[in-house]
Amino acid sequence: MSVLVCGGAGYIGSHMVRRLKAAGLDPVVLDNLSTGHRQAIDGCELVVGDLLDTILLEQLFAEHKFESVMHFCAKSLVGESMHEPYAYYHNNVSGTLNLLAAMRSHGSKRLIFSSTAAVYGMPQGETIDEDHPCNPINPYGHSKLMVEQILRDAARAYGLRSATLRYFNAAGASADAWIGEAHEPETHLIPNALRATDPGAAPLSVFGNDYPTRDGTCVRDYVHVDDLADAHLLALEYLGDHEGAHVFNLGNGDGFSVLEVLNAAHEVTGREIPWQFAPRRAGDPTTLVASSARARGVLGWQPERTQIGDIIASAWRWHCKRRF
């Protein structure tokens, strides 16, 4: 099976490309390399471009008979989306519409869509399942929720089969430390904690110490990137037998506070991690933890790398060897 992986040179996309190859599938990567890395695609065919180029999309689908598409390429910085909402709606919504039009023209009937817990907004309970109200509080989350609605409409009108996978906090790196999390700027806690161990690095900011949690810092759900890739492959198989638009949360199901992550990172690295408290950031939920019962029950997904120390250790191995 030939699979188009949009954004396949990025962090999660490149891990997915490896998983597809291991499963005997034939991934083709489309990536504009704005945040992705050519070195990460593991020898697969790379087409440099993006979803805003309708001519390129037409050529790509005409040359390949893609049975399925995986869509990872989105602008995804929450803060940036507040300042540049047009860019987020243009890339994330208009680009996806271009992709869907090309898929329809060429008979590609299955789509795995990378979504986010940001569609939920402020949580209304300790854990979040797929029936939790969706009320995004930033343009990034709104753009993803818009696409989810488009996919529901496309299922009814055109018979498109889709699986929307709402990630919580993706983390970690490949077992062989060949690919990992390499963003610039980096906004995620675990890679920033590891970078803070580098000589001369500035102290890490911990935003808020007065949340109603066990140590006063925010609690988040971290899911290993390879477990995410496994879930995508299971979702692709599921769409082979199931029509419609489906939604699944992907999370560990357990939460770790900021200070717990920093303590675990210290134990893994054996190094001091300089940090300091800073004022709360507007819009940061106290606790954000997934219920992934649907993905476990329907897809048969079982995350294997659930201990925060193991997740951080994989990221640390890549950090020590990072090639890009």
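The second largest pocket is lined by 13 residues, and Leu100, Arg104, Ala154, Tyr158 and Leu160 lie nearest its centre. A pocket here is an open set of points on a 1 Å grid over the protein atoms alone, where a 1.4 Å probe fits, with protein on both sides within 12 Å along at least five of seven lines; lining residues have an atom within 4 Å of a point. The model is predicted: local features need pLDDT of at least 70, side-chain atom pairs count only at pLDDT 80 or more, and totals for chains, interfaces and linings use all residues. Residues are numbered from 1 along each chain as its sequence is written, and side-chain values use heavy atoms, without hydrogens and water.

H4 supplies the largest share of this lining, five residues. H4 and H5 each give at least two. Helices are DSSP runs (H or I, at least four residues), and strands are E runs of at least two, numbered from the N terminus.

Follow H5 next. Just after H5, Gly159 takes a positive phi of about 75°.

Now to Ile12. Ile12 touches Phe72, Tyr167, Ala170, Val225 and Leu228 (heavy atoms within 4.5 Å), not counting residues up to four places away in sequence.
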